[in-house]
Every structure is written in C-alpha cells, then in structure tokens.
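Please open the structure in your viewer and switch to a cartoon view. Keep the selection tool at hand for this tour.

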Amino acid sequence: MRKKTVDTLIINGDIFTGDRSQPHYRPGAIAISDGVVVAIGREQEILSAYDATRKIDAQGALVHPGFIENHIHSTGLAYHGAPFSPQSGTATKVNYSSMKAATDPEVTAAYAAAAACSMLQRGFTLYFEAGTVIETDAFAETLTKCGMRGMVTAPWGWDDMSSDMTEGYGLNKTLMRRAPPDARRVIDQFKHELARNKDENALVRGYVGLQGCGGSTDDLIREAVRVATESNALLWMHEAFMPCDVAEERRKFGDAAAVRMHRLGALGPFATFAHMNILTEEDIELILAMKPGLSWCPQHALTYQITPPERCWFPYLYREGISVSLSVDTTMRFPIGISGLMSLYLSMVTGDRLNESDPFYMQTIDAARNAGLGDRLGSLTLGKRADVVIREARDITHYSWRDDMGILLSLSSSMIPVDTVLIDGKVVMEKGRLTTMDQDEILAEAMRQRDLLAARVSAA
C-alpha cells in the first residue's frame, strides 16, 4: 500500500488525546496536514500509512492537546518586580488599577508577547483575555506574530458603576475616561472584536464579554445576548464571585446568578460564566437544565474563604455533564497552571472529590467548549486543529507508566518543562523557546515598558 505524505509526523510520544473514548497511545504518533490532525494512533500503524516532510521525535515524552486558559487578565501578566503589591489596592499612586488603566499600544504589545512566552512554556496554546485590555488591536496583532491563540472582547463591559464591586475601578479617573460605563460604547466594541471571526483561521478571535457581578444592567445583558446570538459568538461574564456581589445584585435587580441570567435569556450552551461560587438550589436546577459553561477559579474560592463555608458545586455539576473549565484569573496572586491542582485540593476539602484525571480534561476539551471552540480545539482527534504540546522527555521528576487517563497532567502539568509546541500544525516553540520572535528581546521590552508605564503613572 502506498503511503500518504503529510506535513508533519510526531512519533514516539506518550500521547494523551483529551478524548475520553480513546485517551492514550504509547508509543503513539500523530499525522498533521494543513494545520489539522489527519491521523492519530499507535506509532507502528501511523508509520505504516504515512510519510512526512518533517518528523518530530518526542523521545517518549508526554504529548497532549494545548491547554486553554479560560479567564485571565492579560494586563496582570507582566508585573514581575513591579513597584507595587497586589495588596496595596489604591492606597498608592502606582497600583494595579492605575497601571491597567494607563496602558498604550506599545505597553499592551510588549505585555502580550511576554505573556505568550509564559503561557506557551507552561503548555497553554490559547488564553482568554477577560476584558481588561484597552488596546485590543495591539493585543491581537502581537499574539498573531507570536503564533499563539487568544480571545478578546470589549474592555470593561459595564454600564452601571453603582455597585460596591466597582470600588477601586470607580476611583480611577483614567479608567473611567478610557472605558466609561456606557452600553453603546460596549456594544460597538463587541462588533469591532467580532469582526475578527470572519477569518476562520484567525488565531485571535472576538467574543461578547461583560464584567457582570452587578456592573451590567438588564438592558446591557439583553443586548449582549442579542449580539452574541446574531453573530454565533460566545457570551461570557463574571458572575456570583463573592457573597457581597450576589447580595448587591439581588438588591439592585431583584435576583442574581443563574436565576437572573435565565430571566434575561443569557443562560444556555452559548454562554460561559466565570466564578459562580455562590449558587442556590434554584441556580443549580437552571444550570442543569440550560447547560451553560462554567469557568471555575478554585484558588480564589479558597483564598477569599468563600468555599468553604459555601458549598462547592463544581464536582457535582461536572459529573452531571456540565462543562466546567479551570482558570487562574490573575497571576498577581496565583501562578499559571495552578488551577488543576487546586481544584483537586478543594474538591477533597469539601468532601466531593473529583476524579484525579478530571482537571486535565477541564483544561483541554471542556475549556475549548467554554471558549466556543469545542468543534476545533481541545483534543487530538481527527479534523481538529493541530495544537500540540510536547513536554521535556529528559525531565525525570515525573512518571507516567501507570497513567493512561492524564492524571499526571492534572497534578503537575505546569511544572513539567515544555520542549515543543505546535499551533495550527506550525512549530511556535522548540527547546522551550519561541521560534517566531526573539524571546530575550520580548522579555527586555516588556520590562522596559512596565517601568516606563510606572514612571508615567507616578508623574501624572
């Protein structure tokens, strides 16, 4: 039988597919053409059927679909060594809020490139910017140059600043000027970001994102639902983070969490909600019936002492078929990739333990669904885009000989060094370094722009 020729063959891999129906091949191989997985299976079967222009020998290393971070604020990813602490609030002139509000295209481009390097080095091939980047074009252009995927929306999608949740934002006059609480501004920006989706192969895509947690009126949420539905786009928002958020939302609007979202037509498979820590029995019934995605930040629930005492519903909802993904939210407090381990710890503490492999799937197939991209990303299966991570084969601090479900990737994924990353079948990282741009220059420029920004804010 004559072999077919493909662009790339990845061979000799300890492959975790992200597909529970066929989770593991060792030794396994993947055939890739035109940015798509065309075959995956046991190495000998793939090699007997395919030749390739390029072969990548994984040397027995862990190989898996790229992880997806469903909720992160890009403006907080480049503050290593910054002249303020996350605990300082707005007490000092140079703080997290003032620095986020005073960015420009050069700062955003520098931060986005540095963030891409950090995410790729930890096995993440897409990160979801959760509505804090003001210069969205600079963000999109830079990630595209790096070869990384991203999701972007209108900055600060709000139209109501009367909630306590806006304290710190409301005190920042620069932010109020640049991202005023105005529904028309938010909707117009949604349309700008969604125009990116006309290119089916765009690495950076737009979505409809609201700040939520009492910062969005009923009218804005209804209009966001309309835009998302007409554009076949994802609707995403923060919701039910802290008990005080829920109480304030009920006071202002009559209800909160899933109950309010259902009343406004915002609850369904087209929507993903971040946090959702404070839920009632009625919320749970609606979630089970309407099946929205949930983006869980377990480290927040522990840090802010929300769960416990509040019940952690996520393991139960996950077992009942709800798509639950994991998110770090901000690296000001938590390292990239910590959410998998923390989700297991929190589920154990609350007495409703997850299966040890669940966080691996939450960061791959479930995260892709919750980004509105479940048909093209999240698993190494036929027809999906070839976003592949190959870990470092020579790192001997981990083992996988008994693991055929991805338990190791759940427990310590962010700590196992990454060697190679492919996105859309293109090698964007090799030997732990970006291939598309100069990594040392990226880091130097990010630190330079951070210091210039701090100086500007201090002098203002």
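The tour visits a sheet and then a pair of helices. Keep in mind that this is a predicted model.

**Stop 1: the sheet**

Select strands β6, β7, β8 and β9. These four strands form an open sheet, in the order β6-β7-β8-β9, with parallel pairing. In general, strands of a sheet pair through backbone hydrogen bonds, either parallel or antiparallel. Now colour residues 67-72, which are β6, and residues 204-206, which are β9. Both are edge strands, each pairing on one side only. On average, neighbouring strands of this sheet are turned by 15° against each other, direction ignored.

**Stop 2: β7 and β8**

Select residues 124-129 for β7 and residues 149-152 for β8. The two strands run parallel and are joined by three bridges.

**Stop 3**

**Stop 4: two helices**

Select α6 (residues 183-194) and α7 (residues 218-231). These helices pack at an angle of about 15°, and their axes are 11 Å apart. Because of that angle, α6 is roughly parallel to α7. Their crossing is right-handed.

Which residues make the contact? From α6, show Ala183, Val186, Ile187, Phe190 and Leu194. From α7, show Leu220, Glu223, Ala224, Val227 and Ser231. By class, this contact of α6 with α7 has eight nonpolar residues, one polar and one charged.

Key:
Residues numbered from 1 in each chain as written. Predicted model: local features only at pLDDT ≥ 70, side-chain atom pairs only at ≥ 80, totals over all residues. Heavy atoms only, no water. Axes fitted to C-alpha atoms, helices over the stretch in contact; angles between N-to-C directions. Parallel < 35°, antiparallel > 145°, perpendicular 65-115°, else oblique. Left-handed = near helix turned anticlockwise from the far one by under 90°. Contact = heavy atoms within 4.5 Å. Nonpolar A, V, L, I, M, F, W, Y, C, P; charged D, E, K, R; others polar. Pairing = 2+ DSSP bridges.
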